[in-house]
Amino acid sequence: MSDNKKITLTIDGKTIQAESGQSIMNACDAQGIYIPRLCDSTGLVPQGSCRVCSVKVNGRVVAACTQPAEDGANIEHESDEIQGYRKDLVRMLFHEGNHLCPICEASGRCELQAMAYRFGISQATTYPYLQPVRPVDASHPDIALDNNRCILCGRCIRASRDVDGKNVFEYVGRGIHKRIGVNGDCLADTNADLNDYAMSLEVCPVGCIIRKGEGFFSPVGERQYDSDKIGSNIENHTAHSSLGKLIKVHQIDPNDAIHDDIDQSNVNEDKS
Amino acid sequence: MKTKKARILEIEPLTRVEGHGKVTVHLDENNKVTEARLHIVEFRGFERFIQGRLLWEVPVIVQRLCGICPVSHHLAAAKAMDMIVGVDQLTPTAEKMRRLMHYGQVMQSNVLHFFHLCSPDLLFGFSAPAKKRNIFSIIKEFPDLAKKGVLMRKFGQEVILHTAGKKIHGNSAIPGGINKNLSIAERDSLLKDIDQMLEWSQEAVDISKNYTLEHLGLVEAFGNFKSNHMSLVREDGALDLYDGGLRAIDASGNLIFDHMDYRNFDQFIMEEVKPWSYMKFPFIKSRGNLDGWYRVGPLARMNTISFIDTPLANARHAEFREFSKHKPANMTLAYHWARMIEVLHCVEKIKELLLDPDLQGSDLKLTGERREEGIAVIEAPRGSLFHHYKVNENDQVTYCNLIVSTTHNNTAMNLAVTDVAKKYISGQSRITEAMLNHIEVAVRAYDPCLSCATHALGQMPLVVELFDADNNLIDTGSQFVNKSPIQTT
């Protein structure tokens with residue numbers, strides 16, 4: 001990675017400047033162009049799993065959060081085709097879990113709900129609802145997990161491992177049976193703590209990780225996305241100063257094979 | 001062709017009530033009504049699927065029982081959860097915000113019922129053609145009345161918006177308090193219309209009172225039967241829709257119990273199950289299931305309370321008591337008058353609260369010593385609403401029992417439909433839609449919430465099915481599909 005080398009990209013016909021080594025998403029963020037995302041979160045290693053950030057680069061669909069920006073790349077971002085893929089991915093998430101916004105305490109700050117509103121998804125689609133029945137793990141005195149609402153973004157896994165230095169969460173199972181498991185029989189068996197970054201409202205984009213007794217504290221109208229659509233902080237240049245400023249990275253093993261192909265420039269160091 | 005078989009008439013669906021239900025009228029071989037039953041054909045299952053959910057979710061989940069008076073469920077659940085989180089007395093701001101929300105709710109629900117649902121019966125007559133007997137005819141022929149109904153309901157909904165966060169299904173009542181106060185701007189937006197609402201509320205009391213007095217013969221003959229009555233009352237006996245002790249009186253006005261702590265309700269209220277209905281039949285334990293049934297709601301409240309603590313409504317309550325000769329009023333149609341007195345009371349209370357600076361306070365929530373069980377009663381628009389929960393050490397609900405107002409009125413509604421069926425259908429050789437509407441009028445007077453929030457507005461086809469004694473369908477009639485009225489002979 002060569003530091004600070006300026007490169008030029010074209011996104012939906014618009015030419016932008018970026019720094020070599022930046023991901024497409026970071027390059028766009030810096031220019032006030034919001035690429036939708038769910039599994040990516042400021043301060044966490046990107047993993048490119050939700051694919052909501054899909055863009056087409058030189059004719060190939062890639063995840064903008066993990067794809068390095070290349071000089072001269074021609075990026076298709078808001079074409080009907082790409083937006084269609086993104087909408088379908090978001091729609092399918094609603095069908096895979098039990099996302100009952102009317103009774104969910106994450107409503108109003110939920111990134112999945114906000115993404116659906118941004119995409120104009122307001123009614124059921126023709127996909128079947130899988131209606132999973134997964135038990136709520138309320139064993140921990142301060143935290144509960146409702147896996148029926150999980151979208152498998154893995155942000156909690158990365159936050160616990162890379163920021164908190166714990167390994168409270170991990171993926172278990174394969175394919176349609178894949179879900180988030182905890183490092184023990186139940187959450188109470190783990191070393192999870194309410195003050196962990198993994199348990200903060202910034203990490204879980206939906207209502208899966210629940211901070212006990214705090215539900216519905218925010219009145220309707222004052223919740224994160226009640227008045228601002230998701231991504232507006234990036235599209236609004238005045239909010240840029242808050243971007244990429246969140247947390248310290250606890251530990252990332254550079255020799256870890258999982259991370260070999262990840263652009264480390266996306267991991268934000270503690271700037272406070 | 002004459003037959004000599006017993007039959008059952010079904011009125012399904014009932015129109016201009018909340019939710020889905022049907023009435024069956026049982027006829028013997030001489031076309032005499034032997035019995036009429038109100039069936040609630042929905043099964044919601046909230047008491048089961050709330051189990052396992054977390055306690056602070058409960059006020060938000062259970063309010064989805066209904067879209068007409070969700071605030072009642074929201075607040076009853078929140079009160080029960082207050083008990084579980086160990087808060088017996090809320091902060092002044094929290095309690096007053098909740099009360100304001102509740103008064104807005106009772107006002108809008110009662111207005112909806114009177115102006116939108118039952119006014120076609122009262123203004124056009126129970127036997128008016130079905131095509132005329134609906135809200136659209138009211139808008140056409142009584143535009144001023146219809147407009148006031150719409151704007152009064154809108155005002156009540158605005159009160160809910162500013163206190164609950166949304167007009168329908170807000171989220172502000174949380175265990176131990178509330179999540180918002182009332183801003184000055186919100187307060188002022190409501191205050192600008194309050195005097196107009198006071199004026200219109202008094203007019204509404206006049207309309208309902210005059211209807212009762214001008215149709216005294218009908219009112220006294222229509223679903224008039226003796227019953228016990230029950231409601232919450234304040235410590236001094238005043239009307240209190242949000243909290244208090246339970247008072248029950250018999251048909252003569254004698255106290256059965258007074259100022260009972262609702263947290264011990266299972267010691268004086270029991271529920272009976274009957275095989276033909278999903279709804280249980282509650283009764284006062286000391287009186288037994290045959291004599292212990294009672295009525296709740298506006299009529300019961302006007303009978304049980306000693307007075308109303310707002311001057312205009314109190315004067316109207318005194319008129320009502322004068323009319324009933326200071327004895328309990330047992331006429332089903334008197335519910336409408338009682339309901340409008342409560343609207344006036346709510347508007348007076350809303351004004352009183354809007355002028356109270358406590359609503360701008362910032363002390364919103366308390367915590368206390370955790371309990372395992374929570375029981376709450378609130379006076380919903382339709383009557384006493386009981387919520388009972390148990391919660392485990394992980395904050396998950398393990399038990400839930402909801403006794404809603406319509407359930408309390410179950411026996412009374414069944415008696416009312418039987419009474420009306422016997423008067424208007426028994427022995428008739430030809431049964432018309434208009435006759436059957438009399439039965440619906442009797443049900444409608446109780447403003448039952450069949451918990452679906454579907455409003456038919458008179459346009460849902462009323463289908464009557466005629467079965468012989470062997471349960472074979474022999475005829476069907478509906479005024480919307482141009483079928484002839486049913487011939488019973």
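Over residues 238–272 of chain A the pLDDT stays under 50, although the model still gives this stretch 63 contacts beyond four places in sequence. The model is a predicted one, and where pLDDT is low, the predicted coordinates should not be read in detail.

**Confidence along the chains**

- Chain A has an average pLDDT of 87, and 85% of its residues score at least 70, so that the stretch at residues 238–272, with pLDDT under 50, has to be set against that average.
- For chain B the mean pLDDT is likewise given as 87, with 88% of the residues reaching 70 or more.
- Within chain B, residues 451–464 have a pLDDT below 50, and the model shows 65 contacts for this stretch beyond near neighbours in sequence.
- Residues 476–489 of chain B also have a pLDDT below 50, and here the model shows 44 contacts beyond near neighbours in sequence.

**Where chain B meets chain A**

- On the chain B side 18 residues take part, and they are in contact with 19 residues of chain A.
- The size of an interface is often given as the accessible area lost when the parts come together; for chain B and chain A, about 1,600 Å² is buried between them, and 60% of it lies on carbon and sulfur atoms.
- Of the area that chain B buries against chain A, 31% comes from R53(B), W56(B) and N171(B), which is more than any other three residues supply.
- R53(B) also forms a salt bridge with D146(A), in which the closest N and O atoms are 2.8 Å apart, and the count of salt bridges between the two chains is three.
- Five residue pairs are in polar contact between chain B and chain A, counting pairs with both residues at pLDDT 80 or more.
- Sorted by class, the side of chain B that touches chain A holds five nonpolar, six polar and seven charged residues.

**Enclosed cavities**

- Rolling a probe the size of a water molecule over the atoms shows where empty space is left; in this model the count is four cavities of 30 Å³ or more.
- The largest cavity holds about 100 Å³ of space and is lined by 16 residues, with C150(A), C153(A), C156(A), C204(A) and C208(A) nearest its centre.
- The lining of the largest cavity is made up of 14 nonpolar residues, one polar residue and one charged residue.
- The second largest cavity has a volume of about 80 Å³, and of its 13 lining residues H99(A), L100(A), C101(A), C104(A) and C110(A) are the closest to its centre.
- Eight nonpolar, four polar and one charged residue make up the lining of the second largest cavity.

Notes:
Residues are numbered from 1 along each chain as its sequence is written. Chains are lettered from A and ligands numbered from 1 in the order in which they are written. This is a predicted model: local features need pLDDT of at least 70, side-chain atom pairs count only at pLDDT 80 or more; totals for chains, interfaces and linings use all residues. Side-chain values use heavy atoms; hydrogens and water are left out. Contact means heavy atoms within 4.5 Å. Buried area is the accessible area (1.4 Å probe) that two parts lose on being put together, summed over both. A salt bridge is a side-chain nitrogen of Lys or Arg within 4 Å of a carboxyl oxygen of Asp or Glu. A polar contact is a pair of N or O atoms within 3.5 Å; within protein, one must be able to donate a hydrogen and the other to accept it, and residues adjacent in sequence count only if both atoms are side-chain atoms. Ala, Val, Leu, Ile, Met, Phe, Trp, Tyr, Cys and Pro count as nonpolar, Asp, Glu, Lys and Arg as charged, and the others, Gly among them, as polar. On a 1 Å grid over the protein atoms alone, a cavity is a set of points where a 1.4 Å probe fits but cannot get out, and a pocket is an open set with protein on both sides within 12 Å along at least five of seven lines; lining residues have an atom within 4 Å of a point. Grid points are joined across faces, edges and corners, and a volume is the space filled by probe spheres set on the points. pLDDT is the predictor's confidence in each residue, from 0 to 100.
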